[in-house]
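I opened my notebook to record, entry by entry, what I looked up in this structure. The sequence and the model come below, and my notes follow.

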Amino acid sequence: MVEEPPKWPVRIIGIGLAIAFGLLLVVLSFQGAASSFSNKPTSLSNSSSQKQEQKKAPKRNNPSSDIRRGEALFEESGCVACHTDADTPIAPTLHGINGSLVALEDGTTVQVDSAYITESILDPLARIVRGYSPIMPLSYKDDLTDKEVQALIAYIKSLK
Ligand code: HEC
């Protein structure tokens, strides 16, 4: 009889613990299920992006990926603002220039090749196309990496 009073609190605490533990289990199992659901797509996309990177890596020296990179850079670097698919009063088109003869402001002509295109981008004042103002930004030599210049050249050469 003396032991009876303490039993109630013990039982209540016991039941309370049992409920709390049960809730914890439910919450944990929900989280487990939820994370296994949400993990599946991310692990899938991870492995597919890894595959894409694996596919990309060998293509790095592939001319067609250089051309695509160059096309994106041509837009990002603002070349499109002046160079369109036809000559304009602002700038000559770069379509079909590779291998062609270009008349320069100083009266000479140049046959367009990678070296000339490189110079046109990195040192635009070196040779000016006849009939145009030398308005090309001078900052590309600071802003573009060698690889980016290579990609731009590949793109410009691909323009028919
Ligand atoms: C603000 C206008 C402008 C921008 C921007 C510009 N250019 Fe030009 N570009 C010109 C003009 C004008 C010429 C012709 C005069 C000269 O030779 O500088 C030219 C000439 C060239 C030439 C030589 C073309 C030829 O027929 O001989 C190349 C190559 C060229 N630009 C590439 C580029 C690339 C690549 C970019 C972007 C990274 C670019 N340009 C950005 C105006 C621009």
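This is a predicted model: local features need pLDDT of at least 70, side-chain atom pairs count only at pLDDT 80 or more; totals for chains, interfaces and linings use all residues.

**Helix 5 and its buried side**

I began with the buried residues of helix 5, and I listed Ala-151, Leu-152, Ile-153, Ala-154, Tyr-155, Ile-156 and Lys-157. I called a residue buried if 20 or more other C-beta atoms lie within 10 Å of its own, exposed if 12 or fewer, and partly exposed in between, with C-beta atoms placed from the backbone. Residues are numbered from 1 along each chain as its sequence is written.

I then looked up what the buried residues of helix 5 pack against, and found helix 2 (63-76) and helix 3. A contact here means that the C-beta atoms of two residues, placed from the backbone, lie within 7 Å.

I also checked the length of helix 5: its 13 residues at 1.5 Å a residue should span 18 Å, and this agrees with its end C-alpha atoms, which are 18 Å apart. The expected span is 1.5 Å times one less than the number of residues. After helix 2 comes Gly-78, whose phi is positive, near 85°.

**The nonpolar core**

Which residues make up the largest nonpolar core? I wrote down eight residues in all, namely Leu-94, Ile-121, Ala-151, Leu-152, Ile-153, Ala-154, Tyr-155 and Ile-156. Helix 5 gives the largest share of this core, six residues. Such a core is a set of buried Ala, Val, Leu, Ile, Met, Phe, Trp, Tyr and Cys residues joined through C-beta atoms within 7 Å.

**Single residues**

Leu-152, which is found in helix 5, counts as buried because it has 26 C-beta neighbours inside 10 Å. Leaving out residues up to four places away in sequence, I found that Leu-152 touches Gly-70, Leu-73, Phe-74 and Ile-121. Leu-152 and Asp-66 are 86 residues apart along the chain, yet their C-alpha atoms are separated by 7.8 Å.

Beyond four places in sequence, Val-149 touches Thr-118, Ile-121, Leu-122 and Leu-144.

Asp-143, found in helix 4 (residues 140-143), is exposed, with 10 other C-beta atoms within 10 Å.

**Around the ligand**

Which residues come nearest to the ligand? Of the 27 residues around it, I noted Cys-79, Cys-82, Ala-91, Ser-120 and Tyr-132, where near means that a C-beta atom placed from the backbone lies within 6 Å of the molecule. Helix 3 (114-122) and helix 5 (146-158) each supply at least two residues of this shell, and helix 3 gives the most, with three. I sorted the shell into 22 nonpolar, five polar and no charged residues, taking Ala, Val, Leu, Ile, Met, Phe, Trp, Tyr, Cys and Pro as nonpolar, Asp, Glu, Lys and Arg as charged, and the others, Gly among them, as polar.

**The whole chain**

I counted five helices and two strands in the protein chain, and read along the sequence they follow the pattern α-α-β-β-α-α-α. Buried residues make up 9% of the 160 residues.

Last, I looked up pLDDT, the predictor's confidence in each residue from 0 to 100. The chain has a mean pLDDT of 81, and 63% of its residues reach 70 or more. Over residues 35-51 pLDDT stays under 50, and for these the model has zero contacts beyond four places in sequence.

Note on methods: Helices (H or I, at least four residues) and strands (E, at least two) are DSSP runs, numbered from the N terminus.
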